[in-house]
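Hi,

Here is the structure I said I'd pass on. Have a look through it first, and then read my notes below.

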Amino acid sequence: MKNRQPFEFKRLILVYNITVAVLNAYICYEIFLRTTLLKYTWTCLSNKPDPTDPNEVRLSTAMWMYYITKYMEFLDSFFFVLRKKENQLSFLHIYHHATMTLYSWILVKFIPYGLCVHVITYIYYGLSTLGPTVAKYL
């Protein structure tokens with residue numbers, strides 16, 4: 001990108017951010033609902049989950065969706081590069097995206113709950129693409 005003009009695709013990024021926020025909201029809702037219905041606690045489970053229970057299946061599906069979205073969220077970095085926004089490629093951003101797929105796999109494999117912070121994060125990102133008139137309120 002050194003000798004190229006930055007790409008402009010605000011609508012694509014807005015749609016991407018809204019999609020990721022909605023997807024994470026759905027995942028968060030499913031995880032919260034299913035863990036509540038299954039009476040999960042913050043401590044270890046006393047018995048193995050029942051793979052024939054529809055709530056367990058939906059919880060498992062939501063957790064795997066959460067894991068898959070970590071790959072989808074790599075697009076943030078590509079958008080920064082294509083738009084020549086190198087200042088947004090901070091160490092924290094790169095570290096976060098580089099490690100979240102591993103951590104998410106561990107989470108899905110061993111801990112039956114998810115993180116809902118991505119709902120807020122991608123709503124913020126989506127709103128920030130609407131320009132300075134909206135961004136000043138963020």
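Predicted model: local features only at pLDDT ≥ 70, side-chain atom pairs only at ≥ 80, totals over all residues.

**What I found**

Residues are numbered from 1 along each chain as its sequence is written, and side-chain values use heavy atoms, leaving out hydrogens and water.

Why start with that stretch? The unreviewed UniProt entry annotates residues 12–32, 64–82 and 102–125 as "transmembrane region". (UniProt positions are in the numbering used here, feature names are shortened, and annotations may be inferred rather than shown by experiment.) Residues 64–82 come out as 89% helix and 0% strand, with the end C-alpha atoms 29 Å apart. The chain as a whole has six helices and zero strands; here helices (H or I, at least four residues) and strands (E, at least two) are DSSP runs, numbered from the N terminus.

Of the 138 residues, 32% count as buried, where buried means under 20% relative accessible area, exposed over 50%, and partly exposed in between (1.4 Å probe, protein chains only).

Now for the rings. Rings of Phe, Tyr and Trp (its six-membered ring) pair if their centres lie within 6.5 Å; planes under 30 degrees apart count as stacked, over 60 as edge-to-face and the rest as tilted. That rule gives seven aromatic pairs. In one of them, the ring centres of Tyr16 and Phe79 are 5.2 Å apart and the planes are at 75°, so the pair is edge-to-face. Tyr16 belongs to helix H1 (residues 10–37) and Phe79 to helix H3 (residues 75–82), so this pair ties together parts 63 residues apart in sequence. Tyr16 is buried at 7% relative accessible area, and Phe79 is buried at 9%.

Tyr67 and Tyr71 also pair: their ring centres are 5.5 Å apart with planes at 85°, so this is edge-to-face too. Both sit in helix H2 (residues 54–72), four residues apart, or about one turn of the helix. Is each one buried or partly exposed? Tyr67 counts as buried at 13%, while Tyr71 is partly exposed at 41%.

Finally, Phe7, Phe9, Tyr16 and Phe79 make up one aromatic cluster.

Cheers
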